[in-house]
Amino acid sequence: MEAEQILKIAANALNEKKAKEMSAIDVSELTSLTRYFLIVTANSSTQVRAFADEVEEKLEEAGLRPHHIEGKATGWIAMDYQTVIIHIFLRDQREFYGLDRMWSDGVQVELNTILDNPEEE
């Protein structure tokens, strides 16, 4: 499955669950680890797990299993789908680790182009 398809499925799953502060960064010119980071904020540890479960379910329905999932019992879950890594954070964890800042040289993906039902701002 193409990276763009994985990103779209995951972003839409998170958007349907009302994930906050979603950002997608194309980091392919900065690292060979992955093509995209998808980063979202959850309001509680329960919501972190619910977001991860929803992404895993939607991608499994599309025939894709994660290469690795880390942090199921913490305030930050990283889901590695090789070409897309999804980071689901509690707010304080997201601020502390600062992935958005760390990878700011990457190209921001315009989420409105991949979401089926983008929120009106």
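**Exercise 1.** Which residue with a positive phi follows H1?

Solution. H1 is followed by Lys18, with a phi near 70°. Residues are numbered from 1 along each chain as its sequence is written. The model is predicted, so local features need pLDDT of at least 70 and side-chain atom pairs count only at pLDDT 80 or more, while totals for chains, interfaces and linings use all residues; side-chain values use heavy atoms, with hydrogens and water left out.

**Exercise 2.** State how H1 and H2 are placed relative to each other.

Solution. 
- Step 1: locate the helices. H1 covers residues 3-16 and H2 covers residues 45-61; helices (H or I, at least four residues) and strands (E, at least two) are DSSP runs, numbered from the N terminus.
- Step 2: take the axes, which are lines fitted to C-alpha atoms over the stretch in contact, with angles from 0 to 180 degrees between N-to-C directions. The two axes come within 9 Å and cross at roughly 140°.
- Step 3: classify the angle. Under 35 degrees is roughly parallel, over 145 roughly antiparallel, 65 to 115 roughly perpendicular and the rest oblique. H1 and H2 are therefore oblique to each other.

**Exercise 3.** Find the buried residues of H1 and what they pack against.

Solution. 
- Step 1: buried means under 20% relative accessible area, exposed over 50%, and partly exposed in between (1.4 Å probe, protein chains only). In H1 the buried residues are Ala3, Ile6, Leu7, Ala10, Ala11, Asn12, Ala13, Leu14 and Asn15.
- Step 2: these buried residues pack against H2 and against strands S1 (20-26), S2 (36-42) and S5 (84-90).

**Exercise 4.** Are Ala52 and Glu54 buried or exposed?

Solution. 
- Step 1: Ala52 lies in H2 and counts as buried because its relative accessibility is 1%. Leaving aside residues up to four places away in sequence, Ala52 touches Ile77, Met79 and Ile88.
- Step 2: Glu54 is also in H2, and counts as buried at 13% relative accessibility. With the sequence neighbours up to four places away not counted, Glu54 touches Ala13, Glu16 and Lys17.

Technical notes
Contact = heavy atoms within 4.5 Å.
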